[in-house]
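Subject: Structure handover

Hello,

Here is the structure we talked about. Please open it beside this email and follow along.

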Amino acid sequence: MKHCSFLLLTVSLMMLFPSFCPAAEEEAAESLPVRGLAIEAPKPGGLDRFLTFVEEELAPAHFNLLILRVDWNYAFESHPELRDPNPLTREDVGKIVAVCRKHGIRVVPQINLLGHQSWAEQTYALLREYPQFDENPSVKTANYKPWPNPEGLYCKSYCPLHPGVHDVVFAVVDELCDAFESDGFHAGMDEVFYLGEAECPRCHDHDKAELFAGEVTLIRDHLAEKGRQLMIWGDRLLDGRTTGLGEWEASYNDTWPAIDMIPKDVFICDWHYERADLTGVYFATKGFNVASCGYRNPDLCLQQISDMVRFRKQSAPETAARLQGYIHTIWSDANSFLNRYYTLKSGNDEGTSRPRDDARALQAVIAAFSPSASQ
Ligand SMILES: [Zn+2]
């Protein structure tokens with residue numbers, strides 16, 4: 001049944017999206033300008049296989065954007081104390097840049113800013129080395145209890161009003177962008193639950209939407225000085241209660257009015273993993289460039305691509321131009337994902353029946369982008 005529904009979707013996409021027929025890349029670009037993958041950067045030991053993956057899987061399928069979640073997996077010279085053990089070197093990054101350039105793939109590095117400064121019991125490098133930047137230091141990751149927990153600890157945040165935080169953050173952002181020779185930077189900024197906390201002497205009496213918008217704008221302005229574009233996830237700009245989208249893929253903590261406070265040239269990555277929610281239109285009509293983002297349900301991902309093509313066909317040219325495309329997301333480490341991907345590709349995984357599978361989802365997207373692979 002899944003195979004049948006996939007074929008039907010593929011046929012539908014071929015009707016909607018001419019580039020699904022064997023076509024020149026120019027035609028694909030015209031139909032869907034952004035065809036991206038967002039994934040964690042490989043560790044040095046997995047670099048060669050990752051380069052092969054880009055060359056043999058993404059490039060033939062006409063992907064033209066690779067968002068790499070690097071965080072602290074880089075040998076920063078500006079702040080060596082923030083390096084992960086055994087990080088990517090500048091030479092390693094140069095190999096990624098070279099293979100992507102060869103195939104016309106734009107590379108955008110990512111460091112999670114503001115939120116996602118911890119995971120479960122682990123505090124990540126920025127707050128580990130600079131605990132004074134912690135928005136609510138009374139909450140200790142060492143005491144983490146599985147969600148939902150009484151302290152509301154999902155991930156830690158840094159304080160956006162701390163006078164020292166941006167000197168550190170911008171130094172590593174600039175260094176990473178220089179290494180990747182990138183004209184864009186993805187700051188994450190999703191699922192920021194801790195913001196304007198009562199215990200923060202700087203933020204406690206500030207409006208949370210203004211705090212969020214202020215941080216977005218500060219980062220955007222810094223990047224713009226060097227001609228770089230800011231990309232962020234869109235969830236904090238959506239009203240979780242009114243839309244029914246909830247507190248993960250939208251905001252319950254009153255950040256959503258920030259959508260009317262931030263510069264319009266911030267690129268929005270509009271992720272939805274449970275339904276093919278149609279908020280891309282909302283962002284585009286607000287004046288933002290936006291891409292829909294899917295994850296591990298193959299049918300939903302293909303629906304998101306189909307919707308984006310349909311929106312572009314049915315919208316006024318001004319709006320259609322902002323509906324930029326589709327970015328697939330992978331949330332495990334790159335090496336374990338590639339293990340699953342290549343196992344699936346080898347046919348050894350065919351006996352399993354998993355409705356939510358990131359490898360199957362990417363395989364479906366690749367097939368949709370490259371007709372020869374789906375036939
Ligand atoms: Zn604060």
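This is a predicted model: local features need pLDDT of at least 70, side-chain atom pairs count only at pLDDT 80 or more; totals for chains, interfaces and linings use all residues.

Two strands count as paired if DSSP finds at least two bridges between them.

**The overall picture**

The protein chain has 13 helices and ten strands. Of its 375 residues, 46% count as buried. Residues 24 or more positions apart account for 71% of them.

Strands of a sheet pair through backbone hydrogen bonds, either parallel or antiparallel.

Start with strand 1, residues 34–40. How many of its residues are buried? Seven of seven, so the strand is mostly covered, with 20 or more other C-beta atoms within 10 Å as the cut-off for each buried residue.

Which way do its residues point? Val 34, Gly 36, Ala 38 and Glu 40 point one way. Arg 35, Leu 37 and Ile 39 point the other way. Residues of both groups are buried. The general rule is that in a regular strand the side chains alternate between the two faces of the sheet.

Strand 1 has strand 10, residues 323–329, as a parallel partner, with five bridges. Look for Arg 35, which stands opposite Tyr 326 in strand 10. Strand 1 also runs parallel to strand 2, residues 65–69, and five bridges join the two. There, Ala 38 stands opposite Ile 67. To get from strand 1 to strand 2, the chain passes through helix 3, residues 47–58. This β-α-β crossover is right-handed.

Strand 2 continues the pattern with strand 3. The two run parallel and are joined by five bridges. Leu 65 has Arg 106 in strand 3 as its bridge partner. The chain reaches strand 3 from strand 2 by way of helix 4, residues 90–102, in a right-handed β-α-β crossover. Strand 3 is mostly covered too, with seven of its eight residues buried.

Next, strand 3 pairs with strand 6 in the parallel sense, over two bridges. Gln 110 stands opposite His 186 in strand 6. On to strand 7: strand 6 (residues 184–188) and strand 7 (residues 229–233) are parallel, with three bridges. His 186 turns up again here, opposite Met 231 in strand 7.

**Helices against the strands**

**Helices against each other**

Two packed helices are described by the angle between their axes and the distance between the axes. Here are two such pairs.

How do helix 10 and helix 13 cross, and at what angle? Their axes come within 8 Å and cross at roughly 35°. The crossing is right-handed. Pro 298, Cys 301, Leu 302 and Ile 305 in helix 10 meet Arg 360, Ala 361, Ala 364, Val 365 and Ala 368 in helix 13. The residues of this contact divide into eight nonpolar, no polar and one charged.

Helix 13 (residues 358–369) also meets helix 12 (residues 334–346). These axes come within 9 Å and cross at roughly 65°. Again the crossing is right-handed. From helix 12 come Phe 337, Arg 340, Tyr 341 and Leu 344. They meet Asp 358, Ala 359, Arg 360, Leu 362 and Gln 363 in helix 13. This contact has five nonpolar residues, one polar and three charged.

Finally, find Asp 260. It sits in the loop between helix 8 (240–243) and strand 8 (267–271). Is Asp 260 buried or exposed? It has 11 other C-beta atoms within 10 Å, and the cut-off for exposed is 12 or fewer, so Asp 260 is exposed. Asp 260 and Ala 213 are 47 residues apart in sequence, yet 8.7 Å apart in space, C-alpha to C-alpha.

Best wishes

Notes: Residues are numbered from 1 along each chain as its sequence is written. Helices (H or I, at least four residues) and strands (E, at least two) are DSSP runs, numbered from the N terminus. A crossover is right-handed if, with the strands pointing away from the viewer, the path from the first strand over the helix to the second runs clockwise. Axes are lines fitted to C-alpha atoms, for helices over the stretch in contact, and angles run from 0 to 180 degrees between N-to-C directions. A crossing is left-handed if the near helix is turned anticlockwise from the far one by less than a right angle, and right-handed if clockwise. Two residues are in contact if their C-beta atoms, placed from the backbone, lie within 7 Å. Ala, Val, Leu, Ile, Met, Phe, Trp, Tyr, Cys and Pro count as nonpolar, Asp, Glu, Lys and Arg as charged, and the others, Gly among them, as polar.
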